[in-house]
Amino acid sequence: MDLLPAENSQIAKKHGFRSLKLVNVNMDQEFERRPFGVDYGRLDNGLVYYVRRNPKPRMRAALALVVKVGSVLEEEDERGVAHIVEHLAFSATKKYTNHDIVRFLESIGAEFGACQNAVTSADETIYELFVPVDKPELLSQAISVLAEFSSEVRVSKEDLEKERGAVMEEYRGNRNASGRMQDAHWILMMEGSKYAERLPIGLEKVIRTVSHETVKQFYQKWYHLHNMAVIAVGDFPDTKSVVDLIRTHFEEKSSAPGPPPVPLFPFPSHEEPRFSCFAESEAAGSAVMVSYKMPVDELKTVKHYRDMLAESMFLHALNQRFFKMSRRKDPPYFSCSAAADVLVRPLKAYIMSSSCKEKGTLEALESMLIEVARVRLHGFSEREISVVRALLMSEIESAYLERDQMQSTSLRDEYVQHFIRDEPVIGIEYEAQLQKSILPHISASEVSRYAEKLQPSCSCVIKTVEPRASATIDDLKKIVSKINNLEKERSISPWDDEQIPEEIVNREPTPGDIVEQFEYPNIGATEMILSNGMRVCYKCTDFFDDQVLFTGFSYGGLSELPESEYISCSMGSTIAGEIGVFGYRPSVLMDMLAGKRVDVGTKLGAYMRTFTGDCSPTDLETALQLVYQLFTTNVIPGEEDVKIVMQMAEEAVRAQERDPYTAFANRVKELNYGNSYFFRPVRLSDLRKVDPLRACEYFNSCFQDPSSFTVVIVGNIDPRIALPLILQYLGGIPKPSKPIFHFNRDDLKGLPFKFPTTVIREVVRSPMVEAQCSVQLCFPVELKNGTMVEEIHSVGFLSKLLETKIMQVLRFKHGQIYSAGVSVFLGGNKPSRTSDVRGDISINFSCDPEISSKLVDLALEEILRLQEEGPSDQDVSTVVEIEQRAHENGLQENYYWLERILRSYQSRIYSGNVGTSFEFQDEGRTRVRESLTPLTAQMALQRILPYPCKNQYTVVILMPRRFRLSRLFSRRTSYGRDAKILAGIAGLTIFVFCLWRYSRKS
């Protein structure tokens, strides 16, 4: 089998990766310390800078201030202070107050969260901005913001008190099942080091009580310019002017004299494995994690780079085995993977993790350890390594082809790693030459030797996570001992690999013909009607040299089914996917696609059936072959395949039932959609009714008739090469003698759902290990047919306006939430061209349970104020600017164009001419955008939402369930003699409850 795609594309010839010269490799050669392709230097005050010109995306810049200060530097009474400093930076500085930084950045289109954010880790704090630079002053202002962060953060008592609530809410949000498990694993991994007690989020006590003096002292002690770097990557006219801006804003900054050196904290190694059996009642499922810790590798020479490649090959080869194991009869786990990760500055780890059935952790652990031992005993085969080599070669080829189209954010992240980890930046051209020269000479035996680093004696940590404890530490120790003995006795057999077919399509299909062809200059697209009835529209772009995207859709989906068949047929994609929708089992197809960059998937929706693809231009033939196979494969369920799928589905349902948020989400759906079967949660009893044969029959029928499908292809397409492939593999799909699933979009069966006509406020109480509170406030939306295009665009603008204003009130004014989201749901409507559209707008946030109702009232008051008084000019201009900047970025992305063309086909005004539909959609956006003023926004809020908004809405609040224990305590102040008796009962209850929790966690 040819593991590299044939070089038949002019694109490949143009960029010449296949003809890229090999280099004479000197293993002792050291990489340049100076990063490639960037203006790099240090100011007199110690600040390091990196500046690079990069045109992707146009007129944008990715900026960062990197500070080598993290939570590990905190003292005991400062635990959480590094993270608090990060919050306060956006809150108030010498120049900006009351979150003016956020408002300024949003006013230029840099959305809070997406384009202005920061992260605090154990070793560093990184502030990131993504800003437009089409006006000269914008870049200067953005750099001035980073300069404020470096030395001018104002830490007053008032600032701290206002921000405590947001930090506390972030802390509370981290105390869910996932957060608790991550924290416990961190502490276990870091045991014996200061890192173990320095989680970046900190301690609740410190967050609630730390003084502003302590925070300011930490900031002044550690935030020194020689510990910082400014990074600017963007579409600049030149780098010198940007360096001059950095000098202007930073050169006069200074830090306190005599800064303390940033210490390194050692990690003690351990030969004996550490074990933990973690019981988490809200866990999403059972899992096993095996970690092997070691010092971070150096990456200074070509030899180090070769070692890194060999390590990557080892992990890829091991993961391929894990995947194949998960697809065998009675698999030991549902999924398993291995990765190498730098945990903190001095420490890395190999981490293997698996998810498995309940009470299956011991079997999963045994299988994972046996596989690594098998590699130590027998190694990987040359065939396995050739597959991995082809995969890595494909990845570096893709990077090389798009070397001039890298996103500025990706380049920025490279320079961040250069500063904090001293990782070399050698340039993609040289790296491609190196990899192409080295990969063919890394042998299977060399790769296999990396299994020696995954020994129980290599600072190993083994942990299981279960909803209910079944495994014990003694059980884990016995498994480790068992595998050690099997390995010593050489009682583990070699790997038995599957036979891999040579070709995806066994018999070349007869190509179809083009019956009609249309050009749409306003889109830059060509449309063809093929002889089998399939409609294909393609648009050639040069945004990314190594990307082609496509989506095919047909009307008619799950809504057409009787309710009795819905559950079975909705499982069609899942069951068929496990068996193999392209004619081969997934584990076999994985090897067949080695060295190719291609991904094709399917989706069954309420009103549509779709297939999607993402591939390299050189692999377009393979992608279209998979689509051909999709339409010509008859999936038949096997007993073992169905058993695996249903086990995974049952575990997912059980996980949902354990999750406190499930009851909350279910009640929201039940209220807002009238308990419609389509929105109803799947129960275990539903799964037992699934008919696998019916599920596969339905799936086969969904992708059988090409004449009902419209396919849109966008990307780096050479029509001279692509058209023959389209005609052969799409045009060659046989058309059935009778139409299958031919539906008129106007006659589709709509889903039954109805929003309540009154106000409903409910509290859903779920049992929780730690108190969480989530709020969803929903309003019905009804859009009228006559002005539908404009109304849909208006809803988009209004949702962003609401999100911005709710954040301003609940976070920046009252300081009581961490974030808020506003989402619009219009997907319940059938795609009719004549009916009105119903849906909802929902506002989501989490908060302190005690003030949840108060915050709902504050949100309602703000929305009502907007309806009665309208937003300000600044509010409107901010929303318009954010939307415009997102639109400008999107115009440089294949995904965005694909989505716009699909929307044009699916628009209610489409009647055969996609160019006209596209133009109408574009004009609708422009009309709404240009007409948006405080008055028109106010009128839209009154028209689209219920007015007044307090007349019709639903609120569901998730709260922790009240135990009888809390009710007993609440009565103690009211009764005299009985109080002592009740306190005694309560004390006994606490004792029993603690024992119960301890036993579940030990």
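N716 lies in the loop between β18 (710-715) and α25 (719-730). Helices (H or I, at least four residues) and strands (E, at least two) are DSSP runs, numbered from the N terminus. The model is predicted, so local features need pLDDT of at least 70 and side-chain atom pairs count only at pLDDT 80 or more, while totals for chains, interfaces and linings use all residues. Residues are numbered from 1 along each chain as its sequence is written, and side-chain values use heavy atoms, with hydrogens and water left out.

N716 counts as buried because its relative accessibility is 13%. Buried means under 20% relative accessible area, exposed over 50%, and partly exposed in between (1.4 Å probe, protein chains only). The side chain of N716 reaches the backbone oxygen of D545 at 2.9 Å.

Strand β13 spans residues 525-530. Six of its six residues are buried, so β13 is largely enclosed by the rest of the structure. In a regular strand, side chains alternate between the two faces of the sheet. A525, E527 and I529 point one way from β13, and T526, M528 and L530 point the other way.

Two strands pair if DSSP finds at least two bridges between them. Strand β12 (residues 514-520) pairs with β13 in the antiparallel sense over six bridges. F518 has E527 of β13 as its bridge partner. Four residues separate β12 and β13 in a hairpin, and G524 in the turn has a positive phi of about 75°.

Strand β14 (residues 535-540) runs antiparallel to β13, joined by five bridges. T526 has Y538 of β14 as its bridge partner. β13 and β14 also form a hairpin with four residues between them. In that turn, G533 has a positive phi of about 95°.

Methods
Polar contact = N/O pair within 3.5 Å; in protein donor to acceptor, adjacent residues only side chain to side chain.
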